Amino acid sequence: QVQLVESGGGLVQAGGSLRLSCAASGSIFSINAMGWYRQAPGKQRELVAGITRSGSTNYANSVKGRFFISRDNAKNTVYLQMISLKPEDTAVYYCNTRGLGKNGDDFGSWGRGTQVTVSS
């Protein structure tokens, strides 16, 4: 079983910055993809940014140039640096990881989410 613990959310004014962190722990052999999703009230959950083990990244068009994803493989941790935040970035942000467990089975895990609120 793999657990994800997110941190770094909060309330910030438009134009401000936040850094989210997500640490994975448990029966992990290797983590392949890591990513951040978000869900605003009344909307579907959407991919914000993803990163592979080798460091290849992809971003939603709405956050390109403002959000930056990175990871520390030694710590099984993924980060999301968010700058120039806008009120429309307000959402619950969820961490997601996919990889291989020590038992040889693939796993996919979600964090519980962290609230990001951007005031205008």
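## Basis of the description

Two strands are taken to pair if DSSP finds at least two bridges between them. Helices (H or I, at least four residues) and strands (E, at least two) are DSSP runs, numbered from the N terminus. The model is predicted: local features need pLDDT of at least 70 and side-chain atom pairs count only at pLDDT 80 or more, while totals for chains, interfaces and linings use all residues. Residues are numbered from 1 along each chain as its sequence is written, and side-chain values use heavy atoms, with hydrogens and water left out.

Strand E4 (28–39) and strand E5 (46–51) are antiparallel and pair over five bridges. Within this pairing, glycine 35 has glycine 50 of E5 as its bridge partner. The two strands form a hairpin with six residues between them, and glycine 42 in the turn has a positive phi of about 80°.

E5 also pairs with strand E6 (residues 57–59), in the antiparallel sense and over three bridges. Here glycine 50 stands opposite asparagine 58 in E6. A hairpin is formed by E5 and E6 as well, with five residues between them; glycine 55 in its turn has a positive phi of about 105°.

## Glutamate 46

Glutamate 46 lies in strand E5. Its relative accessibility is 35%, so glutamate 46 counts as partly exposed (buried means under 20% relative accessible area, exposed over 50%, partly exposed in between, with a 1.4 Å probe and protein chains only). Apart from neighbours within four places in sequence, glutamate 46 is in contact with Trp36, Tyr37 and Arg38, contact meaning heavy atoms within 4.5 Å. Glutamate 46 and tryptophan 36 are ten residues apart along the chain, and their C-alpha atoms are separated by 8.7 Å.

## Strand E9 and its partners

Strand E9 (91–101) is mostly covered, with eight of its eleven residues buried. E9 pairs with E4 in the antiparallel sense over nine bridges, and tyrosine 37 has tyrosine 94 of E9 as its bridge partner.

E9 is joined to strand E10 (residues 106–110) by five bridges, and these strands run antiparallel; serine 109 in E10 is the bridge partner of threonine 97. The hairpin of E9 and E10 has four residues between the strands, and glycine 104 takes a positive phi near 90° there. Three bridges connect E9 with E11, again antiparallel, and tyrosine 93 has threonine 114 of E11 as its bridge partner.

## The four-stranded open sheet

E1, E3, E8 and E7 form an open sheet in the order E1-E3-E8-E7, with antiparallel pairing. E1 and E7 stand at the edges with a single partner strand each, so one side of each has no neighbour in the sheet. On average, neighbouring strands of this sheet are turned by 15° against each other, direction ignored; the axes are lines fitted to C-alpha atoms, for helices over the stretch in contact, and angles run from 0 to 180 degrees between N-to-C directions.

Between E3 and E8, which run antiparallel, there are six bridges.

## The nonpolar core

A nonpolar core is a set of buried Ala, Val, Leu, Ile, Met, Phe, Trp, Tyr and Cys residues joined through side-chain atoms within 4.5 Å. The largest such core has 29 residues, of which Trp36, Val48, Phe67, Val78, Leu80, Met82 and Tyr93 touch the most other members. Strands E1 (2–7), E3 (18–26), E4 (28–39), E5 (46–51), E7 (67–72), E8 (77–82), E9 (91–101) and E11 (114–119) are the elements that give two or more residues to this core.

Methionine 82, leaving aside neighbours within four places in sequence, is in contact with Gly16, Ser17, Leu18, Leu20, Arg66, Phe67, Tyr93 and Val116.

## Aromatic and charged contacts

The structure holds one aromatic pair. Tyrosine 37 and tryptophan 110 form this pair, which is edge-to-face at 4.9 Å centre to centre and 65° between the planes. (Rings of Phe, Tyr and Trp, its six-membered ring, pair if their centres lie within 6.5 Å; planes under 30 degrees apart count as stacked, over 60 as edge-to-face and the rest as tilted.) Tyrosine 37 in strand E4 and tryptophan 110 in strand E10 are 73 residues apart, and the pair thus links distant parts of the chain. Tryptophan 110 counts as partly exposed, at 41% relative accessibility.

The charged end of arginine 45 sits over the ring of tyrosine 94, 3.7 Å from its centre, and also over the ring of tryptophan 110, 4.6 Å from its centre. A charge sits over a ring if NZ of Lys or CZ of Arg is within 6 Å of the ring centre and within 35 degrees of the ring normal.
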